[in-house]
Amino acid sequence: MSDRNVDFVLRTVEKRDIRFVRLWFTDVLGRLKSFAISSEDLEEAFEEGIGFDGSSVEGFVSSEESDMLAFPDPTTFQILPWRPEQHGVARVFCDIKTPSREPFEGDSRSCLERVFRMADAKGYVLNVGPRIEYFYFGNDQDPIPQDNGGYFELTTSDVATDLRRSTTLMLERMSIPVAYSFHATAPSQNTVELRYTEARSCADNIMTARVVIRQEAHQNGLFASFMPKPLNGYLGSGMFLYESLFDHEGNNLFWAPKTQNDAHLSELAQHYVAGLLKYAPESLLVSNPTVNSYKRLVPNGEVPIYTTWGRKNRTALVRIPTHKPGKHQSTRVELRNPDPTANPYLTIALTLAAGIRGIEEGLELPPEAITDPAAMSESERQAAGIERLPRDLGEAIERFEGSEFVREVLGDHITDFYAEEKRKEWDEYCTTVTEWERRKYYAGV
């Protein structure tokens, strides 16, 4: 932790009349947690951490070993612009440590940092840009659309137009630049795409964006839902991740001239994508963590259900955006299966580790999927090395629990707790649904 960063934060707190500082961290399931301290205690927090009871946080520790320390990361300090300027409020993300000041094995943010440092030691810097889809409803009980707009729709009466504008401005006031915002495909569905940044900052930005989107909706009498499939008959919401590896000199390692690869993918990028494809079924429980997540991942020509890659095929698990001449630095891959309910720290940690594993194992990239694999026979898919993603939460749990890769990346603590909680969720679902409802489940309605 840089003394310069700490000094800057402490000066800002005094200059801007910040009275409260909210310490943010994420539980294993990806839910944001927070408690506030007085600004007078912030300097001590940077030096010694702030103790709290970890036994009350999902996936942390038992009551017998409940003491945890939250250490604020000064580089994440931001004033909350929707709070009053007088006696203002700021937030800062925290790393969770044990009383002996060792990184806590159940801390999602520390997990991603560990994987990022592993890649960094090999000469790779992961940059990620997320595209987050969500819905606006009148409340959190009834999923009734607030408009009938479609993709890129522009109407003067669209309530979301002003909401997207205010949300973008609020994010940018928190130093989170927005690349695009627009009306998505379904009624009342919207999209915010954040500019790329390094892996952990990207996960921090996703957590912040969820708060800001819901905050702005609440201020306007609406509810913002990140549920993957809240409406029957319409596409659900994804959280697409645009990923690229850079070296320490700032060069994009994914680009190659077309003479080497039609998709402008370097050999390293091809191995990276092959790693994403190979380990996606084992990681799906984290990137798509709810029963409802799998109502989105059904055959409809728009979302991935097989381990394929392509350039124009929207059913591909990994899509390669069209290369722009002279824009070598923007070469990237788009992971299309995650949804907005995912824990972004664990999701990005697993995708980065999968890509690096693909590089280390020298995995060969299979042929590009030109057509929808659903139109192929099972024998044709097997011959092409195409695997079906888990169809429901139960199948995802089985693949997750049997994965040595997942356990190596996330560690025993996170892996065991996550699987246990998701098993409870799936068992509860299975005991409450009828066979008719189960058939509807697989139909994605």
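Visitor: Which helices supply the lining of the largest cavity?
Guide: Helix H6 (267-287) and helix H8 (344-361) each supply at least two of its residues, helices here being DSSP runs of H or I of at least four residues and strands runs of E of at least two, numbered from the N terminus. This is a predicted model, where local features need pLDDT of at least 70 and side-chain atom pairs 80 or more, while totals for chains, interfaces and linings use all residues. Residues are numbered from 1 along each chain as its sequence is written, and side-chain values use heavy atoms, without hydrogens and water.

Visitor: What counts as a cavity or a pocket?
Guide: On a 1 Å grid over the protein atoms alone, a cavity is a set of points where a 1.4 Å probe fits but cannot get out, whereas a pocket is an open set with protein on both sides within 12 Å along at least five of seven lines, and lining residues have an atom within 4 Å of a point.

Visitor: And which helix gives the most to that cavity lining?
Guide: H6 does, with six residues, and the lining includes Tyr279, Ser283 and Asn337.

Visitor: Switching to pockets, what lies nearest the centre of the largest one?
Guide: Arg131, Glu193, Tyr242, Arg319 and Arg332 do, out of 45 lining residues. Strands S7 (125-137), S8 (178-183), S9 (189-194) and S12 (239-246) each supply at least two residues of that lining.

Visitor: What about the second largest pocket, which element gives the most to its lining?
Guide: That is H5, with four residues, while strand S11 (223-225) and helix H11 (404-432) each supply at least two.
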